[in-house]
Amino acid sequence: MSLSATDVAITDVTEVTIIVVAIAGIPQLRRTLAVVTSQTRDEGACEVLVAADYRLGSLDDISAEFADVVFLSHRDCTNPTTLTTLALRRARGKRVVLTEDSCIPETRWLGNLLATPTKGHAAVGGAVEPMEGLSPSMWAFAYVDFFRYMRPLTEGPSPSLSVCNVAYVTENLLTVESSWSSGFHETNVHSELTKSFGRLWLNPAAVVRVKRNVTLRDAIYERYAFGRLFGATRIAKATATKRSAYAIASTALPVLLTARMVRKASSDYSIRRQFSKSLPATIAMVLAWSWGECIGYVTRSLPPSISTAPELPANPSESRRGR
């Protein structure tokens, strides 16, 4: 899926493009869009694009509900990396904001994110936290993925940002187009952006909350798949010696990642309490990610499937989306 700068920098530029990557389901997308579109009314010239996995089903009803939103779908785009690229092809904004349909923005999310200065920053992002009331396994699912972005946080430089809550200057993205033209892997994109535009910057006042409802088995597979994707992508251009070094170092990942999560949990009582209740599921997902990352380094190959875990239907009689 290749594209050029002219494919993205089309006419009729607006101030901000908000891209919602839809991989969870139509009900989740509806929930997210209701909040996102309500916040765009306070931020001037905005456009909202949805890049949806075609396997979610027909978008006719929801597109009628949100007439000002542009809905995009393509059979070759079935995971967040390719869906993000699909939407970036159509983005007209001077700035681009990314989030996903598993996320529910809090009040003033968009305003706080856009108010964060961009000068000297490769990208700016916000906090990502589990929604209240999640089961222990679903809290663990969110925690393993987003613990780095959970409050308490201090505004300032950050080693990473989540594509569930991040904003870019479009012109800057275009200068590193080769790093995302075939799939938006934030590790690679952020690495290229920081070389030219400064540090990644985290603003804890811009908050989204994550709510997923999948089986534990599917959650574990997703962590494995994205761990393997991360590993294979990270060493795609590395020498054999460097790949071997990464593979050997990855054997320490379960201990290293768990230690980081314990340290984060110790900083806040509410996190510590949830962490204790979710520990078995957390360990299972840490092991799955670590094994996937190691396999990615060793084989340099992507997992058989990198689709996200299918959401369980609210109504048990509904059919589930296949992986």
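Tutor: Let's start with arginine 75, which sits in the loop between strand S3 (70-72) and helix H4 (80-88). Those labels are DSSP runs, numbered from the N terminus: helices are H or I with at least four residues, strands are E with at least two. Before going on: this is a predicted model, where local features need pLDDT of at least 70 and side-chain atom pairs count only at pLDDT 80 or more, while totals for chains, interfaces and linings use all residues. Residues are numbered from 1 along each chain as its sequence is written, and side-chain values use heavy atoms, with hydrogens and water left out.

Arginine 75 counts as exposed because its relative accessibility is 60%; the scheme is buried under 20% relative accessible area, exposed over 50%, partly exposed in between, with a 1.4 Å probe and protein chains only. Its side chain still has a partner: a polar contact at 3.4 Å to the side chain of tyrosine 54. That term means a pair of N or O atoms within 3.5 Å; within protein, one must be able to donate a hydrogen and the other to accept it, and residues adjacent in sequence count only if both atoms are side-chain atoms. As for arginine 55, 20 residues away along the chain from arginine 75, their C-alpha atoms are 8.4 Å apart.

For contrast, take asparagine 172 in helix H7 (residues 170-175). With 13% relative accessibility, asparagine 172 counts as buried. Leaving aside residues up to four places away in sequence, asparagine 172 touches Leu193 and Phe197, where contact means heavy atoms within 4.5 Å.
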